[in-house]
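Biologist: I am new to this structure and would like a close look at one part, the surroundings of the ligand. Please also say how the fold is built, as a setting for that part.

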Amino acid sequence: MPTSSTVPDNRKLYSAEFYPPRTPEGAAKLRAVRAQLAQLKPAFFSVTFGAGGSTREGTLATVLEIRDEGIPAAPHISCVGGSRESLRDVLAQYRSNGIRHLVALRGDLPSGSADAGDFRYASELVEFIRKETGDWFHIDVAAYPEYHPQARSSEDDLANFERKVKAGADSAITQYFFNADAYWHFVDACTARGITVPIVAGIMPILSASGLARFSDNCGAEIPRWIRRKLESFGDDSASVRAFGLDVVTDLCAGLIEDGVPGLHFYTLNSAALTSTIWHRLGL
Ligand SMILES: Cc1cc2nc3c(=O)[nH]c(=O)nc-3n(C[C@H](O)[C@H](O)[C@H](O)COP(=O)(O)OP(=O)(O)OC[C@H]3O[C@@H](n4cnc5c(N)ncnc54)[C@H](O)[C@@H]3O)c2cc1C
C-alpha cells in the first residue's frame, strides 16, 4: 500500500496545483512560488500533464523537484491521444521514481488533433492503472459539481463518475465552482449512489476577470451573475478585481470548511499570492 509520506492522510487536505513551466525563467519563478506555498504545509502539490503527453518530461521533472524540496508530489496523467504502450512507459517511469499518487484524467485533445488514442474515458485509464500496477498508486480523479460540458445529462455524468470510482479511484478533486450548493448537491447525489470516496473541492482564486470568463466558458464552470457583473464593473482595475475575488473565494472556502468539506485543492496558475492570502485568511 502507498506510504504515508507520499499519500494524503485522513486530516483535511489542503493541496495546490501547478502546470509544468516551459522556460528556465518559468521554472525559476515556480521554485519561488513553491517556496512560498510550502510554508503553508500543504498535504501535497500536483502537477498537470498535457493531453497527448505534451508535457510529460516537464511534469516528471517538476514532480521530482517538489519531492526533493520535501513536499509530497502527485503528477497528473491524461490518456486522450495516448497509446497503451506510452501510458505503460509513463507509469513505469513514475513508479521507478517512487511516485505513489496520481491524478488520472482523460484530458482534452488540442484542436486539430485527430488521434484519440487507445482510451476514450478516464475510467478506462483508472482501470488500466489498477491492472498494470495494482495498489501501488493512490488515484485521484476529476469530479464536476456543475457537470462536465460534454455530459449527455447530469445523471449520465454521475454514472460516469461512479464508473471511475468503481474502476479504482481512491478520491476525487472537483472542477472549480463558485456555488457551494452545486458542490453539496453533487456530494449528496454521490452518497445516494453509494459513492463514499472523499470529494475534495477544487478552488480557483480570481486573478483576472477576462481570464476567468474565458476559462470558465471552456470548462463549463459557472460564474454566478452577481460575481460576473461585479467583476465587469471593475474594468481594468486589477487591484479591485483581486480584492473582490479574495473576499468571494475566501468566503466560499470558509463555508465549505464549516460544512465539512474533506479538503481544498487550489488551482494556483503558478502564482502564490492569492492562494497564500486565502490560506492565511482561513487560518489553515
Ligand atoms: C482536478 C482536475 C485536474 C485536471 N488536470 C488536467 C491535466 O493535468 N491535464 C489535462 O489535459 N486536463 C486536466 N483536467 C481537465 C480534464 O482533462 C477535462 O475536464 C476533460 O474534459 C475531462 O477529463 P475527465 O478525466 O474528467 O474525463 P472523463 O471522466 O472521461 O469524462 C469526460 C466526459 O465523458 C463522459 N463519459 C465518461 N465515461 C463515459 C462513458 N463510458 N460513456 C459515455 N460518456 C462517458 C463524462 O460524463 C464526461 O462528459 C483536469 C480537470 C480537473 C477537474
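**The barrel and the ligand shell**

Modeller: This is a predicted model. As for the setting, five bridges connect strand 1 (residues 13-18) with strand 8 (residues 263-267), and the two run parallel. Taken as a whole, eight strands close into a barrel in the order 1-2-3-4-5-6-7-8, with parallel pairing. On average, neighbouring strands of this sheet are turned by 30 degrees against each other, direction ignored.

Now the part you asked about. There are 22 residues around the ligand, and those that come nearest are Phe 49, Asp 108, Tyr 144, Asp 157 and Lys 164. By class, this shell holds 10 nonpolar, seven polar and five charged residues. Helix 5 (residues 154-166) gives the most to the shell, with four residues. A polar side-chain atom of Asp 157 lies 2.5 Å from an oxygen atom of the ligand. For Lys 164, an N or O atom of the side chain is 2.7 Å from a ligand oxygen atom. Ala 122 takes part through its backbone: an N or O atom there lies 2.8 Å from an oxygen atom of the ligand. The ligand on its own has 970 Å² of accessible area, and the protein covers 87% of that.

Methods. Residues numbered from 1 in each chain as written. Predicted model: local features only at pLDDT ≥ 70, side-chain atom pairs only at ≥ 80, totals over all residues. Heavy atoms only, no water. Pairing = 2+ DSSP bridges. Axes fitted to C-alpha atoms, helices over the stretch in contact; angles between N-to-C directions. Near = heavy atom within 4 Å. Polar contact = N/O pair within 3.5 Å; in protein donor to acceptor, adjacent residues only side chain to side chain. Areas by Shrake-Rupley, 256 points an atom, 1.4 Å probe, with all protein chains shown as cover. Nonpolar A, V, L, I, M, F, W, Y, C, P; charged D, E, K, R; others polar.
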